[in-house]
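Please keep the structure in view while reading.

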Protein chains: 2
Amino acid sequence: MGGARLLPQCHMANPLLRKLSNFRALSSEEQRALTDACTDIRPIAAREDVILQGQPTAGVHVLLEGFACRYKVLENGRRQIVSYVVPGDLCDLRVFIHGRMDHSIGGISPSKFALIAPQAVQDLTDRYPQLTRALWWSTLVEEAILREWIVGVGQRGALERMGHLFCELFFRFRAVGMHYGTSCAMPLTQLELGETLGLSAVHVNRTLQELRRQHLITLEGGVLTLPDLDGLARLSLFNPDYLHLNSA
Amino acid sequence: MGGARLLPQCHMANPLLRKLSNFRALSSEEQRALTDACTDIRPIAAREDVILQGQPTAGVHVLLEGFACRYKVLENGRRQIVSYVVPGDLCDLRVFIHGRMDHSIGGISPSKFALIAPQAVQDLTDRYPQLTRALWWSTLVEEAILREWIVGVGQRGALERMGHLFCELFFRFRAVGMHYGTSCAMPLTQLELGETLGLSAVHVNRTLQELRRQHLITLEGGVLTLPDLDGLARLSLFNPDYLHLNSA
DNA sequence: CGCCGTGTTGACTATTCTCAACCCAGGTGG
DNA sequence: CCACCTGGGTTGAGAATAGTCAACACGGCG
């Protein structure tokens, strides 16, 4: 998969700091406390699960490198990917809900996750209200993305839906430096795209062909190129505001 | 609309306290601080908007009475309802994102909203880490609901989708006392149901008929009755865990 | 070499949408 | 009091979108 070259381009020591700085500059003390809390760095292979639906929450996972997703499996076996995780993103701030995971987290590309222990989260949020707000902010951004996805599957046709996803992922990758000109990695299989968009794999294939035919994308060897981002955004009714990225 | 009788049954002074107590008991000081922060109580008529997409955030809205929704409108004019708001629910904890609303909030039934000023939110979260966690928890529950909705529109057919929505709303209404036996208010038009489920109004109508034919629901005069909740839950692959309600 | 996962294609089916008409109840103005 | 209007709800017919099943191509890898 040629796209692998594009992936490890996020050079900041801890991409979480970079992400939170989109909200507010953190004091050096806060930065240090947060960095120190990121222990247990663990490599995850492509398509390996980090934590499964139903398991007790282990702490807060932070993606340092790679690309991952969160998904739910229905009783009938079908799978829905409910969000993507880009370096700097947090999962399961839900430690607060002392229950079990209501969804799974799995790697897409080979990745590195750090874990913040529940007690460390407790301590951080007791001690640093500003940091707490920054973390909270990040969950609110996530929420905004979820809302936009609902709009997508609810109101957009297959073509716009897929275009919208590509725009979103391109913007998110670019915001963490994981892009190259108008290209970024797109290590998803067509089946996974379908599980994201609520489409069958066959229909994904045909929709991709249509996007290619309209010269809005090329996708090959795990590399997505958007030669006409504006055109694609127009087609998809994409407006990046909901991503709350400063660096646009 | 006969369902109106069912609506004002939430008798607790501030349903927000009731809701947060699902997470953790709040100290009486925390309770008082939170109650004091709820100022500017404002009645909202049915179908009146509380705040519109694009407007600057005014503070945190708390629904005290009634039933409301959050929705987004696309450039092409279509509308998607992205969540429902029952008494005790908070909106726009996103004051932290000092931007504009990326969605609108509108009443469904006649409602009462309180507003917590941005500064009051700041103060509360500076002073009470436990309370902050409780508020944060509530946004995480919201997030879990959004994820479940994505699964619904992505993977479930019209029948299960609608059944799932009815189960969810029944559970949420019941958790705040807004139910009567196996019935609750359902003051949504078929068009609004469609805008929630990503279906046309016509198809909503036919799907409702099918649910009725299977004796899983009755819906009439704004009152929804679920005579066979287990059956409906089975059909819809509904599992209430994601709602994180203690009182089930 | 042969297998397996992924992508591609065709033919057929199912689901859902759109358009248009019609019904009914409640509210309004004459 | 009635005629009218309006906003939901309902129905039918035909079209569009998306799903299913089955076959095949291709490349990587044991």
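Two strands are said to pair if DSSP finds at least two bridges between them. By that rule, strand β4 (residues 68–73) of chain B and β7(B) pair in the antiparallel sense, over four bridges. The model is a predicted one.

**Sheet in chain B**

- β4(B) and β7(B) belong to an open sheet of four strands with antiparallel pairing, in the order β2-β7-β4-β5 (chain B).
- β2 and β5 of chain B are the edge strands, each pairing on one side only.
- Neighbouring strands of the sheet are turned against each other by 35° on average, direction ignored.
- Strand β2 (residues 49–51) of chain B runs antiparallel to β7 (residues 104–107) of chain B and is joined to it by two bridges.
- B:Ile51 stands opposite B:Ile105 in β7(B).

**Contact between chains A and B**

- In this contact, 38 residues of chain B touch 38 residues of chain A.
- On the chain B side, the elements that give two or more residues are β5 (79–85), α3 (118–127) and α4 (129–155).
- α4(B) supplies the largest share of that side, 18 residues.
- By class, the side of chain B that touches chain A has 17 nonpolar, 10 polar and 11 charged residues.
- Helix α4 (residues 129–155) of chain A lies across β4 and β5 of chain B, and runs at about 130° to β5(B).

**Relation of the two copies**

- Chain B is superposed on chain A by a rotation of 180° with 0.0 Å of shift along its axis (RMSD 0.0 Å).
- The two copies are therefore related as by a two-fold rotation axis.
- The copies meet through the same surface, because 100% of the interface residues of chain B are also interface residues in chain A.

**Surface near DNA strand C**

- There are 14 residues around DNA strand C, of which A:Thr189, A:Gln190, B:Ala158, B:Val202 and B:His203 come nearest.
- Two or more residues each come from α6 (190–197) and α7 (201–213) of chain A, and from α7 (201–213) of chain B.
- α7(A) gives the most to this surface, with five residues.
- The residues of this surface divide into seven nonpolar, seven polar and no charged.

Methods: Residues numbered from 1 in each chain as written. Chains lettered and ligands numbered in written order. Predicted model: local features only at pLDDT ≥ 70, side-chain atom pairs only at ≥ 80, totals over all residues. Near = placed C-beta within 6 Å. Nonpolar A, V, L, I, M, F, W, Y, C, P; charged D, E, K, R; others polar. Contact = placed C-beta atoms within 7 Å. Least-squares fit on C-alpha atoms with pLDDT ≥ 70 in both. Axes fitted to C-alpha atoms, helices over the stretch in contact; angles between N-to-C directions.
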